[in-house]
Amino acid sequence: MSAEQPIPLLQVRNLSVSYLSNGTEKLVLKKVDLEIGTGETVGVIGESGCGKTTMALALLRLLPPNASVLEGQITFGTQDLLGLDRDQLNQVRGRKIGFVFQEPLSALNPLMRIETQVCEGMRYHLHLSKNAARVRAITLLERVGITDGSKCLEAYPHQLSGGMRQRVLIATALSCEPRLLICDEPSSSLDRPTQLKLMETMAQLKESSSLSILLISHDLDLISGIADRTLLIEAGVCRVWVG
Ligand SMILES: Nc1ncnc2c1ncn2[C@@H]1O[C@H](COP(=O)(O)OP(=O)(O)OP(=O)(O)O)[C@@H](O)[C@H]1O
Ligand SMILES: [Mg+2]
């Protein structure tokens with residue numbers, strides 16, 4: 001990289017991850033490289049089981065205990081993510097990096113109203129009062145296409161449609177103004193028209209801020225409209241940039 005080029009927001013080098021199950025170690029990510037610039041939307045596609053979620057979890061240091069990072073570097077801004085302690089990680093997760101995982105229903109606590117869940121990060125990281133967090137939550141919900149924010153905040157997860165739940169999760173992920181948003185199959189459980197509407201919202205988010213987005217999907221058609229570049233992963237190996 002030449003001296004004039006800015007440092008990428010996220011830089012992954014040579015990342016290899018394995019899982020140990022039933023006494024057997026399985027290499028799942030093999031020397032993966034990835035870079036995301038500020039304001040850039042990078043897509044990652046690949047068949048089921050190729051390692052997309054494993055990569056997302058590794059970036060957030062949320063891999064399960066039976067996983068091992070065998071080699072590699074993950075740099076976020078100037079921070080070495082693999083070297084951070086628990087407190088430092090808490091300042092990155094949800095604050096500097098927002099994330100939305102594959103299963104919208106299991107990502108929301110069924111026993112808690114949406115308000116508590118959307119506001120939690122803002123109360124913890126930004127130290128906002130209950131009222132200030134609520135006001136900001138309504139603005140965030142509007143940003144992701146939920147116009148009746150007050151009603152939505154009162155609801156429990158099961159009272160919302162799948163598309164609404166996914167929008168709530170995106171709003172929550174954005175609540176502390178992260179620099180990077182990682183979305184793992186944000187629309188895989190939705191019907192096609194709802195998927196397309198959600199992608200429109202993602203495109204608007206991208207246009208309206210300097211947010212960087214890592215958008216994981218198995219559906220190139222769906223994300224090719226908004227990703228600036230898309231990486232194809234096959235069996236844990238980065239193959240080519242497509243689209
Ligand atoms: N906790 C785990 N323990 C053991 N193996 C795992 C674990 N999680 C994932 N794997 C295996 O690692 C490989 C990659 O899984 P991963 O979930 O990263 O794939 P994916 O590309 O996200 O798939 P999908 O498109 O279905 O979400 C698969 O073979 C999977 O079975
Ligand atoms: Mg996955």
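The C-alpha centres of domain 1 and domain 2 lie 23 Å apart, where domain 1 covers 1-96 + 179-243 and domain 2 covers 104-177, with bounds that come from an automatic or database domain assignment. Their contact, counted between residues whose C-beta atoms, placed from the backbone, lie within 7 Å, takes 11 residues from domain 1 and 13 residues from domain 2. On the side of domain 1 that touches domain 2, the largest share, 4 residues, comes from helix H8 (residues 192-207); helices (H or I, at least four residues) and strands (E, at least two) are DSSP runs, numbered from the N terminus.

This is a predicted model, in which local features need pLDDT of at least 70 and side-chain atom pairs count only at pLDDT 80 or more, while totals for chains, interfaces and linings use all residues. Residues are numbered from 1 along each chain as its sequence is written, and chains are lettered from A and ligands numbered from 1 in the order in which they are written.

Ligand 1 is surrounded by 14 residues (each with its C-beta atom, placed from the backbone, within 6 Å of the ligand), and the closest are Tyr-19, Ser-48, Lys-52, Thr-53 and Thr-54. Strand E1 (10-21) and helix H1 (52-59) are the elements that give two or more residues to this shell, and the largest share, 3 residues, comes from H1.

Helix H4 (residues 114-125) passes helix H5 (residues 130-143) with axes, lines fitted to C-alpha atoms over the stretch in contact, that come within 9 Å and cross at roughly 110°, on a scale from 0 to 180 degrees between N-to-C directions. H4 and H5 are therefore roughly perpendicular to each other, a term that covers 65 to 115 degrees. Among the residues that make this contact are Val-118 and Met-122 of H4 and Ala-137 and Leu-140 of H5.

How values were computed. Angles under 35 degrees count as roughly parallel, over 145 as roughly antiparallel, 65 to 115 as roughly perpendicular and the rest as oblique. Two residues are in contact if their C-beta atoms, placed from the backbone, lie within 7 Å.
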